[in-house]
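Please consider the model shown here, beginning with the packing of its helices and continuing with its aromatic rings.

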Amino acid sequence: MEANTRSTGRLPAAFLTPGSSSFMDFLSDQSPGMLPGNRQLPPMKGVIEAPHGTTIVAASFPGGVVLAGDRRATMGNMIAQRDIEKVFPADEYSAVGIAGTAGLAVEMVKLFQLELEHFEKVEGATLSLEGKANRLSTMIRSNLAMAMQGLAVVPLFAGYDVDREKGRIFSYDVTGGRSEEHGYAATGSGSVFARGSMKKLYRDDLTEEQTLTLVVQALYDAADDDSATGGPDVARRIYPIVTVITDEGFRKLGDTESSEIARAILERRLEQPDGPRAALL
């Protein structure tokens with residue numbers, strides 16, 4: 001059978017007629033060793049040094065949700081990469097922002113994208129946003145063995161719920177535990193500072209433009225207090241990755257749009273280094 005497969009160049013029947021709408025289940029049956037959580041790591045001592053993605057933020061507004069991330073990856077106290085991309089479309093109406101071990105996180109996102117595409121092809125319909133969030137939870141849980149060795153992946157998932165007609169945000173822990181966040185959320189090393197920034201500035205009646213400014217303000221504040229988070233780098237023309245998801249689908253802001261928001265914030269910070277102030281009452 002194997003020789004015939006090699007000679008004809010055709011895939012085995014099992015690959016052409018998957019018995020499940022889940023690509024993860026199909027891969028577990030056919031090639032379990034390809035799943036990130038099933039890979040065996042060699043014995044090693046001490047902390048594993050690998051590039052880590054840092055701060056991801058999200059905020060909802062009437063009509064959609066914004067997901068953004070800084071561009072810095074660190075390895076210990078070193079900057080491993082200055083222009084890494086941490087926010088990716090999952091499908092037409094959702095996106096994932098990654099924090100944690102960068103290599104595993106990017107691989108998990110690609111597998112998640114394939115999982116959603118596979119489901120749509122097999123079932124002829126897209127998963128609900130709730131279903132997508134649950135699938136991602138399962139994938140994170142399958143990486144628990146590596147997370148216990150220091151190779152954790154903690155993403156932020158956001159999307160537009162076409163059934164409820166609003167943007168929604170989901171956060172996770174290393175065990176795959178899922179929580180729906182209301183209004184705004186942050187994950188990664190600078191998340192404490194980013195969340196504090198948004199807590200004082202967020203309102204549920206913000207426009208899309210105001211929400212875009214809010215998330216970039218939050219990333220700036222995170223970079224101000226967390227060395228692992230990178231702020232706007234005007235000299236190198238490196239700005240945060242900012243995405244918007246509405247009933248029209250996923251949209252990533254171009255460099256011109258991102259730079260305009262970042263530069264406007266930088267100019268204001270020359271006058272107010274600590275950023276805008278919220279009213280006491």
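In helix α7, residues F193, A194, S197, M198 and L201 meet L214, Q217, A218, D221, A222 and D225 of helix α8, where contact means heavy atoms within 4.5 Å. By class, this contact of α7 with α8 comprises seven nonpolar, two polar and two charged residues; Ala, Val, Leu, Ile, Met, Phe, Trp, Tyr, Cys and Pro count as nonpolar, Asp, Glu, Lys and Arg as charged, and the others, Gly among them, as polar. The model is predicted: local features need pLDDT of at least 70, and side-chain atom pairs count only at pLDDT 80 or more, whereas totals for chains, interfaces and linings use all residues. Residues are numbered from 1 along each chain as its sequence is written, and side-chain values use heavy atoms, with hydrogens and water left out.

Helices (H or I, at least four residues) and strands (E, at least two) are DSSP runs, numbered from the N terminus. Two packed helices are described by the angle between their axes and the distance between the axes. Axes are lines fitted to C-alpha atoms, for helices over the stretch in contact, and angles run from 0 to 180 degrees between N-to-C directions. The axes of α7 and α8 lie 7 Å apart, at an angle of about 140 degrees. The two helices α7 and α8 are therefore oblique to each other; angles under 35 degrees count as roughly parallel, over 145 as roughly antiparallel, 65 to 115 as roughly perpendicular and the rest as oblique.

Helix α8 (residues 208-225) also packs with helix α9 (residues 255-271): their axes come within 10 Å and cross at roughly 60 degrees. That angle makes α8 oblique to α9. From α8, L212, T213, V216, Q217, Y220 and D221 meet I261, A262, I265, L266 and R269 of α9.

The aromatic rings come next. Three aromatic pairs are found in a search of the whole structure; rings of Phe, Tyr and Trp (its six-membered ring) pair if their centres lie within 6.5 Å, and planes under 30 degrees apart count as stacked, over 60 as edge-to-face and the rest as tilted. F112 and F157 form an edge-to-face pair, with 5.8 Å centre to centre and 80 degrees between the planes. This pair links distant parts of the chain, as F112 belongs to helix α4 (residues 102-123) and F157 to strand β9 (residues 156-161), 45 residues apart. F112 counts as buried at 0% relative accessibility; buried means under 20% relative accessible area, exposed over 50%, and partly exposed in between (1.4 Å probe, protein chains only).
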